[in-house]
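Please open the model and keep the sequence beside it. We will walk through it in short steps.

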Amino acid sequence: MTTAASSFTGQAAAAASEPDLAHPTGKTPGGVGRGSARYRRLTPYLFLLIPVGLLLLLTYTPVVNMFWYSVTDWDGLDKTKNFIGAENYVEVFTDPENLRVFYVSLFYVVGSFVQMALALYFATILSAKIRFKNMWKGILFFPYLINGVAIGLIFLNFLKPGGGLDTVLMNTGLESLIHQWTGDPDIANYSLAAVSVWRYTGLTFVMFLGAIQSINSEIYEAAALDGANRWDEFWHIILPSIRPIVGLAFILGISGSLSVFEIPFVMTNGANGTETFVIRTVWMAFERNMVGLASAMAVVLLIFVLLVTWLQRRLVPEEEVDLT
Amino acid sequence: MKTATSTAKYLTLVIASICTLLPLGLIVFGSFKTNQEFLSTGPLTPPQDWFNFENYATAFTRGGMGLAFFNTVLIFGAAIIGTIFIGAATAYALDRFRFVGRAAVVGLFLLATLVPGVTTQVATFQIINALGLYGSRWALILLFMGTDIVSIYIFVQFMRSIPKSLDEAATIEGAGHLRIFFQIILPNLKPAIATVVIIKGIGIYNEFFLPFLYLNDPSTQPISTALFAFKGPYGSQWEVISAGVMITIIPILVLFLFLQRYIYNGFTSGATK
């Protein structure tokens with residue numbers, strides 16, 4: 001996301017400064033008439049008609065509507081929507097059932113930090129010379145490619161009483177650690193967050209690895225001449241040069257944690273205190289027909305995500321990270 | 001000291017690999033066991049008969065997975081064609097033309113990258129419903145091709161590497177913009193198209209939220225909701241569920257083994273959108 005900004009706008013700046021090469025309008029040889037010139041001026045608009053049309057219809061209209069629904073008592077069916085002011089928002093922040101989803105998100109936020117730490121560790125050791133590099137990389141990454149429903153079922157099977165994990169604990173003499181992994185409300189969120197870590201570490205890892213491998217090798221060589229060890233390299237070369245990617249993983253992690261759906265939905269359906277923001281919003285909107293209240297929840301979620309993105313951009317300014 | 005850290009490195013890799021592979025391996029074991037065997041043996045015990053494909057047959061036929069694969073391919077096929085045209089057209093217009101409102105369009109696309117689709121579905125649902133597409137595969141096709149800013153971004157980025165002299169030469173020869181788009185831009189965008197096909201293909205194959213929300217009829221369901229439906233009637237038959245899970249994983253595994261390099265590249269370039 002961060003690079004998107006620079007790339008789109010960077011391109012605009014570049015285009016503005018260079019002579020207008022790409023503007024064939026009116027310069028075309030071969031007797032083009034007035035009608036054709038107008039057609040040529042219209043060309044970019046014609047090409048953008050459908051993309052921008054869909055963007056407005058499927059992204060911007062829902063966002064605007066959502067803000068409008070959130071201040072009404074609409075049930076999703078009624079012809080009239082009654083304006084009720086901030087009532088829905090008050091309910092979002094006062095009903096303990098609604099507040100609980102924020103608490104549940106925290107488990108996934110912590111999970112995403114664990115995931116980043118693991119990814120950073122494995123990316124660092126796999127960027128150096130190591131045997132069977134591709135095999136390790138493949139194993140760590142593959143879970144990310146698996147269908148979320150399949151992952152939910154795989155771990156229901158693994159964590160069920162008497163399942164794989166319990167058997168392993170039993171065989172290693174750790175019976176005392178056995179729990180109702182997804183059934184006990186005190187444990188369930190830890191288990192589900194751990195499953196999320198299992199699922200997403202691979203992607204974060206591959207992103208970090210790609211960034212580390214694109215560091216100019218001369219920098220390492222210079223550092224080696226200065227007598228730097230692997231630890232110095234990590235702190236003074238690797239970490240600073242992959243900061244933008246770490247920042248990106250951070251945003252993806254937070255917004256991902258707030259919008260977790262599949263894993264808890266498939267594994268517990270939100271029972272045992274594992275209901276997340278999206279599960280609750282979907283339940284409200286489509287089972288209870290409280291579209292107004294659900295929209296208020298969704299607006300709050302959207303604002304959280306925007307806030308995190310904004311904060312991240314303030315904290316990690318892009319231009320500071322260029323090492324070379 | 002050196003060998004100690006080296007051993008520790010390999011040890012952590014082995015532990016991580018076990019954590020990754022064990023839950024998957026137990027599903028493989030389970031999928032080959034008979035119902036009796038599944039209940040009477042421990043999860044770590046390998047199946048007696050590695051050629052017992054009965055669960056696979058049950059899962060595939062009774063779970064309607066053939067139809068589900070067909071639906072997934074159908075949705076993917078239509079959505080990917082739309083995505084390619086939308087992405088390429090946007091990139092062409094934004095990179096090769098200067099026009100009034102260009103900055104506004106760029107801004108709109110940029111801002112949209114910040115809005116996670118999950119958050120707006122409550123309202124998007126009303127639009128899909130108003131279009132009369134609820135319950136139709138077209139709802140998913142439209143959403144997959146119309147809200148994919150990442151793909152557009154990949155095309156815009158790649159477009160800059162296609163030399164403008166190519167279009168200029170064609171213009172001098174009298175080619176119109178439509179011909180330039182189809183005969184020069186699209187063929188030159190092939191690497192970007194390949195990247196988008198891979199990430200989008202995996203994304204659509206794994207998408208659960210949208211089909212769960214919009215497709216209520218089992219005959220229109222893609223693979224992920226079909227697999228989710230196993231939780232109901234086969235809720236206690238873990239050997240059949242295991243086989244269903246394996247059937248969904250195998251195509252992705254095969255793809256991964258053959259296209260590893262492209263998949264890694266696709267995800268690193270796609271994720272850093």
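**Chain B and its fold**

In chain B, take the contacts between residues at least 6 apart in sequence: 75% of them join residues at least 24 apart. Two residues are in contact if their C-beta atoms, placed from the backbone, lie within 7 Å. This is a predicted model, in which local features need pLDDT of at least 70 and side-chain atom pairs count only at pLDDT 80 or more, while totals for chains, interfaces and linings use all residues. Residues are numbered from 1 along each chain as its sequence is written, and chains are lettered from A and ligands numbered from 1 in the order in which they are written.

Chain B has 14 helices and zero strands. Helices (H or I, at least four residues) and strands (E, at least two) are DSSP runs, numbered from the N terminus. Chain B has a radius of gyration of 24 Å, whereas a compact globule of 273 residues would be near 19 Å. That radius is taken over C-alpha atoms, and the globule rule is 2.2 Å times the number of residues to the power 0.38. The C-alpha trace of chain B spans about 75 × 65 × 35 Å along its principal axes. Of the 273 residues in chain B, 44% are buried. Buried takes 20 or more other C-beta atoms within 10 Å of the residue's own, exposed 12 or fewer, and partly exposed lies in between; C-beta atoms are placed from the backbone.

Now turn to the interface. Here 82 residues of chain A are in contact with 78 residues of chain B. Helix 2 (residues 34-69) of chain A gives the largest share of chain A's side, 19 residues. By class, that side has 57 nonpolar, 23 polar and two charged residues. Ala, Val, Leu, Ile, Met, Phe, Trp, Tyr, Cys and Pro count as nonpolar, Asp, Glu, Lys and Arg as charged, and the others, Gly among them, as polar.

Next comes the core. The largest nonpolar core holds 159 residues, and F208(A), M297(A) and F155(B) touch the most other members. Such a core is a set of buried Ala, Val, Leu, Ile, Met, Phe, Trp, Tyr and Cys residues joined through C-beta atoms within 7 Å. Helix 8 (residues 188-213) of chain A gives the most to this core, 15 residues. Leaving out residues up to four places away in sequence, F208(A) touches A119(A), L120(A), A123(A), I242(A) and I245(A).

Finally, look at two loops. Most residues other than glycine have a negative phi. N272(A), not a glycine, has a positive phi of about 55 degrees. N272(A) sits in the loop between helix 12 (262-267) and helix 13 (277-287) of chain A. N272(A) counts as buried because it has 20 C-beta neighbours inside 10 Å. N289(A) also has a positive phi of about 55 degrees.
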